[in-house]
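Walk through this structure one stop at a time. Keep the sequence beside you as you read.

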Amino acid sequence: NNKKAQCTITVKKAPKKISLNAKKKSLKKGKTFRIKVKFPKNTYSYKLTYSSNKKKIATVSSQGVVKAKKKGTAVITVKTFNGKKAKLTIKVK
């Protein structure tokens, strides 16, 4: 039927390090904060994993949205597919 499709694929290297839009953040109970990950030029991670060391204080979604639950301090860790990590300390007031 003579129909064609075309696409461009850009392959980037795995990151050697990552950084976040904050290292420390204070939140009031019930508030949220969206973590944004920054990659070095021409690198990318197709998969990011977010985790909280104290889920009773602060939780984090698979999309990087932190929710403050109760007073205290929690550390959120962001990990790339190739094992590079960055941490964000959340203080809930």
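Buried means under 20% relative accessible area, exposed means over 50%, and partly exposed lies in between (1.4 Å probe, protein chains only). This is a predicted model, where local features need pLDDT of at least 70, side-chain atom pairs count only at pLDDT 80 or more, and totals for chains, interfaces and linings use all residues. Residues are numbered from 1 along each chain as its sequence is written, and side-chain values use heavy atoms, leaving out hydrogens and water.

Start with Phe81. Its relative accessible area is 37%, so Phe81 is partly exposed. Phe81 sits in the loop between strand 8 and strand 9 (85-92). Strands (E, at least two residues) are DSSP runs, numbered from the N terminus.

Now look at Lys47. This residue lies in the loop between strand 4 (37-38) and strand 5 (48-52). Lys47 is partly exposed because its relative accessible area is 49%. What does Lys47 contact, leaving aside neighbours within four places in sequence? The partners are Lys79, Thr80 and Phe81. Contact means heavy atoms within 4.5 Å. Lys47 and Lys79 are 32 residues apart along the chain, yet their C-alpha atoms are separated by 8.4 Å.

Next comes Thr77, in strand 8 (residues 72-80). Is Thr77 buried or exposed? Thr77 has a relative accessible area of 17%, so it is buried. Not counting residues up to four places away in sequence, Thr77 touches Thr49, Tyr50, Ser51, Lys85, Ala86 and Lys87.

Last, find Lys31. The loop between strand 2 (24-27) and strand 3 (32-34) holds Lys31.

Key:
Helix = DSSP H or I, 4+ residues; strand = E, 2+ residues; numbered from the N terminus.
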